[in-house]
Amino acid sequence: MIKQEIHITLQFDLAIGKVNLNEIVYRLNELQNPLMLEILKIILMGYDDIISARLSRTDIYPSRARKGLGRHIRKGDSENRFCRGRKILKKGYRSKPRQISTVFGKLALPLRRSQCCNCGARYSPLLSALQLSRYDRRESNFEHEVIEAVIDTNYRRLIDGRSIDISLGGIHNIVVGSDIDETFQKPVSVKTLSGILADGTGVKQYKGRKGELRAVIGITNKGRVEPLGSFTNTEWSTIERTVKERIKEAEPYNIPFIYDGEPGLDDFLSEGAETQRCTWHGPRGLYHALWEDGLKKKESEPETDKIKQLIGIELPEGDFEILKEEDKEQVKGQYENSKSEIKELIKTFREKGYKHGSAYLENIADQLFTNIELWLKTGVIAPKTTSLLERVFREIGRRLKRIAWGWADKTATNLSKMIMIRQYSRDKWEKYWKHKLGIKDYFHIEISSVKLSPGTHF
Ligand SMILES: [Zn+2]
């Protein structure tokens with residue numbers, strides 16, 4: 001650690017008896033980013049000087065003063081191995097400063113050049129000390145702000161007022177280049193989940209091509225979203241394999257898998273979970289089936305209303321263990337009654353010749369009460385609709401529509417992942433960025449004094 005001070009001189013004119021508070025704040029606000037850019041530049045240039053001094057004056061500085069400094073690739077090494085040489089000759093500055101996008105705006109950073117006394121390679125020691133690669137043109141706080149802005153759909157605000165010019169293409173590259181796809185792959189324990197949901201939604205992609213965004217989420221016992229994966233134009237079988245790899249559970253899960261009846265999902269996670277048809281989609285599906293049988297809305301409405309009522313069993317609130325037996329009995333009675341009434345309904349449909357209607361009901365009948373059965377067996381209150389996932393999709397869709405026309409699979413996938421994790425696992429999101437930024441207490445700065453010098457009156 002080394003202690004240094006920055007001395008800043010700010011000059012201001014103040015019209016006595018005329019200026020108001022708002023104008024002072026307004027101008028100070030304008031000064032924020034340029035001031036920070038200047039401070040950043042002076043800190044980095046000072047650091048560059050220190051590094052160069054330590055690497056060039058090996059007669060003054062012991063080798064431990066060069067620890068972490070002077071890493072470079074050996075000149076002409078075909079395998080890009082590092083050189084062990086830690087002594088340099090100073091070779092002045094690069095002809096052009098390095099342009100780096102930062103949260104404060106574009107930084108034009110002059111860079112010292114040096115030559116290794118061991119291998120003769122020319123390099124800029126500041127870059128490797130700052131952990132910047134030869135191609136890095138931005139720092140990660142900036143990337144963070146860009147992504148946050150995309151998620152909040154106000155990336156204009158990001159650009160306005162700063163000398164940053166980032167195009168849609170630039171944002172695209174940041175989203176595609178993100179490592180979000182490789183992170184958040186830790187195994188998920190099903191014990192913390194009360195249900196798993198899967199669904200898909202259409203997205204517009206490159207040149208108006210229509211794509212399908214698919215997502216699988218878990219609902220935790222506390223009702224929170226645990227993203228299990230999002231995919232663009234991927235087969236459900238592939239998605240199932242990926243999700244299974246994250247759920248490393250030997251025994252059956254004892255939780256429902258909820259879906260809206262999409263054929264590709266009929267056997268999804270069927271070895272582990274119990275299938276539950278979304279009880280919100282059930283009546284809608286029946287309406288559609290009866291419509292195929294030739295029934296008008298007015299004619300099918302009593303039937304769909306009946307189904308709505310039959311599957312709308314509410315579970316009592318409170319702890320399962322301390323519920324009175326008669327409360328459990330009441331639910332059980334409703335459940336058995338509903339099941340037999342649905343059987344009756346199927347029979348009636350058959351008699352009336354509603355082929356589609358009866359087939360549809362028969363198909364979903366065993367998957368409508370999974371959450372009730374689970375509750376009766378274990379007391380766990382599981383979700384019974386895909387509504388939470390639909391809300392997630394609406395949020396993703398709104399953002400994709402806003403800025404993502406013409407985006408590729410990888411972009412849509414990454415962006416939807418980011419939105420889900422940011423919106424529903426905020427703590428994990430923060431941790432991810434802190435790790436990415438590498439905040440380790442290696443730099444501290446504080447304001448030690450702000451004083452006013454007497455000025456000239458006129
Ligand atoms: Zn070298």
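Which protein donors does the zinc ion have here? They are H72 through NE2, and C83, C116 and C119 through SG, lying 2.1 to 2.3 Å from the zinc. By donor I mean an N, O or S atom within 2.8 Å of the metal, or 3.2 Å for Na, K and Ca, and since water is not among the atoms, sites may look incomplete.

Before I go on, a bit of housekeeping. This is a predicted model, where local features need pLDDT of at least 70 and side-chain atom pairs count only at pLDDT 80 or more, while totals for chains, interfaces and linings use all residues. Residues are numbered from 1 along each chain as its sequence is written, and side-chain values use heavy atoms, with hydrogens and water left out.

Okay, back to the zinc. The 4 donor atoms subtend angles of 100 to 115° around it, so we call the arrangement tetrahedral; the cut-off for four donors is that all angles lie between 85 and 135 degrees. For reference, the ideal angle for four tetrahedral donors is 109.5 degrees. C116 and C119 are both buried, and buried means under 20% relative accessible area, exposed means over 50%, and partly exposed is in between, using a 1.4 Å probe and protein chains only.

What about disulfides? There are 0 in the structure, taking a disulfide as a pair of cysteine sulfur atoms within 2.5 Å. C117, for one, is in no disulfide, and the nearest cysteine sulfur, on C116, is 6.4 Å away. C117 counts as partly exposed because its relative accessibility is 40%. C278, on the other hand, has a relative accessible area of 2%, so that one is buried.

Now the helices. Take α6, residues 236–246, where W236, I239, E240, V243 and R246 are buried. Looking down the axis, those buried residues fall within an arc of 120°, so they line one face of α6; that arc is taken from the directions from the helix axis to the C-beta atoms. Over on the other side of α6, R241 and E245 are exposed. And what covers the buried residues? The cover includes β6, β7 (210–220) and β8 (225–232), with contact meaning heavy atoms within 4.5 Å.

Staying with β6, which runs over residues 193–204, have a look at S194 in that strand. S194 is buried because its relative accessible area is 4%. Leaving out residues up to four places away in sequence, S194 touches I219, T220, N221, I255, P256, V380, I381, A382 and P383.

Next, α7, residues 281–292. Its 12 residues reach 17 Å from first C-alpha to last, close to the 16 Å expected at 1.5 Å a residue, where the expected span is 1.5 Å times one less than the number of residues. Among the buried residues of α7 are H281, P283, L286 and L290. Just after α7, G294 takes a positive phi of about 95°.

Most residues other than glycine have a negative phi. Q131 is not a glycine, yet its phi is positive, about 60°. Q131 sits in the loop between α2 (125–129) and α3 (140–151), and counts as exposed because its relative accessibility is 71%. D441 also has a positive phi, near 70°, and is found in the segment after α14 (426–437). At 54% relative accessibility, D441 counts as exposed.

Terms used
Four donors count as tetrahedral if all angles lie between 85 and 135 degrees; four count as square planar and six as octahedral if opposite donors are over 155 degrees apart and all others between 65 and 115; anything else is irregular. Helices (H or I, at least four residues) and strands (E, at least two) are DSSP runs, numbered from the N terminus.
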